[in-house]
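Here is a short report on a few local features. Keep the sequence and the model open as you read.

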Amino acid sequence: MMVHAWSGYKAHAWGMNEVRPVSKKGHSSGIFGSGPMGASIIDATDTLFVMGLDDQYQEARDWIALHFDFQPKGDVSVFETNIRFVGGLLSAYALTGDKMFRLKAEDVARKLLPAFNTPFGIPKSLLNIKTSATKNYNWASAGSSILSEIGTLQLEFDYLSHVSGDPIFSQKVKAINEHLYSQRPSSGLYPNYINPTTGKWGVQHVSVGALGDSFYEYLLKGWLLHGKSSSRQREWYDKSAQAMRDKMVQQKEGLTYVAEMKSNRLMHKMDHLACFSGGMFALGGHSGAHGDSEAANRAFLQLGAEITATCRQAYTRTATRIGPEAFHFESGAVASALRSNEKVYLLRPEVIESYFVLWRLTHEQKYRDWGWEAAQAIEQHCRKEGGYSGLRDVTNVNSAADDVQQSFFLAETLKYLYLLFSEDDLLPLDSWVFNTEAHPLPVIEDSGAAAASG
């Protein structure tokens, strides 16, 4: 699958951000600004290396060394640039020791720093690299910054400071974390929006799916990256996880799911994005994130398993056996989409990610079986001559293709599938931490960097 995805991209969109596998031409989302930045190459490099695809890895390495110069035109997403470009390059450096990758990552990260020039150091969402102008999305609670974006920097920036020797990156993360910690709600649940000028929370919308997801993920993984050395960060994650369990986790017809909350009212809907939380809760429980209570840690491992089983049901209940972008537990729906725009599949990885994590933690065969089911369904319905395409309607076996091979399909979906069927000593979870784009970074044993991020 990876060879086919890479070959289609190379043949039809080399150097572009992504490929359109049906029309066989380049594609670029607005998150990358304008201009070819080779997003698929950088997102795929560590996957190619991990899979032992030496020729393809060398193609990627050579293109990055000779042609990658991060000078996009227009506005780029600070969040997406960090997790895909900075994260991808740092992971390639960590895996190979090739200094070129580190220097490229540092160059990109430095170009993102103007986004942090706000009163509390909370970065804005969009940055023009050429002019250093920044802004937030108009739709984001009166121009607020987004929780999942500002909370998804610690792994990349702390590791970059660690390997470069320049503390500026970890200092930026520390400023964000200090402010968020000072503004932490007593409920343990964090609104999805925060005003970067006033430092105050926006609309009271809480989600472990879109807009909130990776903030909680990085609370846990930031603690793990630093060898579990920050008791404050562990307790921070623990309180948030408990709050989600107590106030947002629901059950219907034997299925456990994480609802959203708006103004203290539950919305019985789950995003495909939120399916990562099965792996997160399980990893936290396995890692002792809930303190010395063996029962509490075991309960979160079980919660992760239950959520992951629910996400599988969202897959098996469609005609294609591929899960939708969002699914409901209301209006007669049980783990199924209600609206047409929720029936799409964008080649997302979160369900397979949780299968991988649960397999590594439990070695229960069902997770490999479920992963193989998903792989077969993707192969049957998403494979096109020029790569793999998302679907416009997973409830229709004859669904039209969306004609985009997302770069994260190569970074995440296919990597997690491969690792699901690999031995545990390939990127063991006690030695490597995966960023939210599935780029693995090694645990930092030096506690000095941990102190820098609280």
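## Pro196

Is Pro196 buried or exposed? Pro196 counts as buried because its relative accessibility is 2%. Buried means under 20% relative accessible area, exposed over 50%, and partly exposed in between (1.4 Å probe, protein chains only).

This is a predicted model: local features need pLDDT of at least 70, side-chain atom pairs count only at pLDDT 80 or more, and totals for chains, interfaces and linings use all residues. Residues are numbered from 1 along each chain as its sequence is written, and side-chain values use heavy atoms, with hydrogens and water left out.

Pro196 sits in the loop between strand S7 (193-194) and S8. Setting aside neighbours within four places in sequence, Pro196 is in contact (heavy atoms within 4.5 Å) with residues including Thr118, Pro119, Phe120, Asn136 and Ser145. Glu437 is 241 residues apart from Pro196 along the chain, and their C-alpha atoms are separated by 25 Å.

## The sheet

Strands S8, S11 and S12 form an open sheet in the order S8-S11-S12, with antiparallel pairing. Its edge strands are S8 (205-206) and S12 (265-267), each pairing on one side only. Strands here are DSSP E runs of at least two residues, and helices are H or I runs of at least four, numbered from the N terminus.

S8 pairs with S11 (residues 260-262) over 2 bridges, in the antiparallel sense. Two strands pair if DSSP finds at least two bridges between them. Val206 has Met261 of S11 as its bridge partner.

## Helix H8

H8 covers residues 168-182, 15 residues in total. From first C-alpha to last it reaches 21 Å, close to the expected 21 Å. The expected span is 1.5 Å times one less than the number of residues. Buried residues of H8 include Phe169, Val173, Ile176 and Leu180. Ser170, Asn177 and His179 are also among them.
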